[in-house]
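Dear colleague,

I am handing over the structure below, and my notes on it follow. Please read them alongside the model.

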Amino acid sequence: MTEVIQKTLRDSAALRWTALLLLALAMFCAYIFMDILSPIKDLMAQAYPVGRGWDSTAFGTMQGSETFLNVFVFFLIFAGIILDKMGVRFTAVLSGAVMLAGALIKYYAISTAFHGSGIEVWFTNHLNHIPVFEQLGVSPFYEGMPASAKVAACGFMIFGCGAEMGGITVSRGIVKWFKGREMALAMGSEMALARLGVATCMIFSPFFAKLGGHIDVSRSVAFGVVLLCIALIMFIVYFFMDKKLDAQTGEAEEKDDPFKVSDIGQILKSSGFWLVSLLCVLYYSAIFPFQKYAVNMLQCNLTFEPVPEGSFWASTSVTIIQYVIMLIVAATAFMFNFIKNKPAKYATMALSILFLVGYCYMGYMRQSAESIFAVFPLLAVGITPILGNYVDHKGKAASMLVLGSLLLIACHLTFAFILPLFKGNDLGGVVVAYVTILVLGSSFSLVPASLWPSVPKLVDAKIIGSAYALIFWIQNIGLWLFPLLIGKVLDATNPGVTDPTRLNYTAPLLMLAGLGVAALVIGLILKVVDKKKGLGLEEPNIKA
Ligand SMILES: C[C@H](N)C(=O)N[C@@H](CCCCN)C(=O)O
């Protein structure tokens, strides 16, 4: 008897990778918006009309607000429930719409239309104390916070709900399309594109703010808003692909992994889950909040010679050329993962390194902190899938978490104590900065590539969705707290410093190195617990 095998969209490699591309491009745009103001902290500190008069505390409070509702109103938990009840395609479009709504509010807060408006007056006089949050000992705002920062924070809170909901939805979407196929590679590729988003933001946010020699910080946010419109379109196109897939398979939306509040108790009983969650919050708190200040930290610790207006290195075309070179580095590093033929593989690697050196040289010639820091996510683009593949076939995830934490400590200490020694030594400082940023980038590949695939080894497959929602929630606490703390520590340790490019970053960097030490200790405990309880974290995911 001949069996007729019905082919579905996900059986076609081209179509399932198209589905991934739609989801990953949407997240690429989301990651750009997450850090849209990070490389222009110095501009935001200046008075209106150049900036908006945000000191480090205002900047940090606004940056930390992204995760406020996720943490304190438990939105991430609701997002898990919505995803369960309504399915991937609905939640994807919803997350895109929520991100866009939040981004529009943030744009309005930064725009010139907000300045002098009745809304500005209202926000200046209100919302300094919100009783319900004050009872919890937290507050999204404070007395004297600029109204533009308060409204931007409101928008960023809404954006953050959409972005984190998008994060868990995309992960679930990848499982739906890639289960039993190249799932780890698909997840690694999605993260790689997200990293490229951060690099894109570092280059283009200051570029748009300074375009045409006239500074307008709202242009950077407008650029982010346009990208979020594209993200929403990507999610809508995905909606129709996903609907067609369900029509072909005869499945309603996947409901085999529902979020249940009762699951939480079961998850919290796992000591391995606690250790991984703690490591996750400690490690990511030393990375994402740092990303929001890194460009300003480089501006404060390096000596930049002003590049004359009208010179080749100051031109718009150089930004475009440098970005194209960055894309070539990212593409060749990424392709390295797929090429089987050895000579071709190493030729690709050599090409990638060559272009990386070219990129670094241009960053040095442009004397620009943002293009120096933009190399940070580049290594992750190439290495994360390689390390993911290593964990799949050889294991050693717990050891990689320990190594990643060690590198993190070394980098933050180098930024705190070694980089300032090169103040005045233009080339030496830039070389130390590049090397440290690249090492930090490899640490940022080691930890995500080993941490996220370890979660399924710690909890029952049925409650993996709930476990991811919970781990994101715990992580979001750090992502709210540490941008805020860095800002407060900066203001406290730099009294009377009015030039935003002359701040002393030693104390915040020591705090971040401290997080690395705590992550290292947890990583070592995790290794012991793994051995004792046989969690299998050092085992490969794919057994021969
Ligand atoms: C910020 C977000 N909550 C996060 O943790 N992002 C991770 C990736 C999570 C897995 C996504 N499929 C990151 O490393 O960016």
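Which residue just after α24 takes a positive phi? G534 does, at about 60°, where helices (H or I, at least four residues) are DSSP runs numbered from the N terminus.

This is a predicted model, in which local features need pLDDT of at least 70 and side-chain atom pairs count only at pLDDT 80 or more, while totals for chains, interfaces and linings use all residues. Residues are numbered from 1 along each chain as its sequence is written.

Helix α24 itself runs over residues 506-533 and reaches 40 Å from its first C-alpha to its last, close to the 40 Å expected at 1.5 Å a residue, the expected span being 1.5 Å times one less than the number of residues. Among its buried residues are P508, L512 and L526, buried meaning that 20 or more other C-beta atoms, placed from the backbone, lie within 10 Å of a residue's own.

The chain is divided into domain 1 (14-245), domain 2 (257-304 + 384-544) and domain 3 (314-366), with bounds that come from an automatic or database domain assignment. In all, 37 residues of domain 1 are in contact with 35 residues of domain 2, contact meaning C-beta atoms, placed from the backbone, within 7 Å. On the domain 1 side, the largest share, eight residues, comes from α10.

As for the ligand, the residues around it include E164, M187 and W452, each with its C-beta atom, placed from the backbone, within 6 Å of the molecule. This shell draws at least three residues from each of domain 1 and domain 2.

Best regards

Definitions and conventions
Helix = DSSP H or I, 4+ residues; strand = E, 2+ residues; numbered from the N terminus. Buried ≥ 20, exposed ≤ 12 C-beta atoms within 10 Å, placed from the backbone. Contact = placed C-beta atoms within 7 Å.
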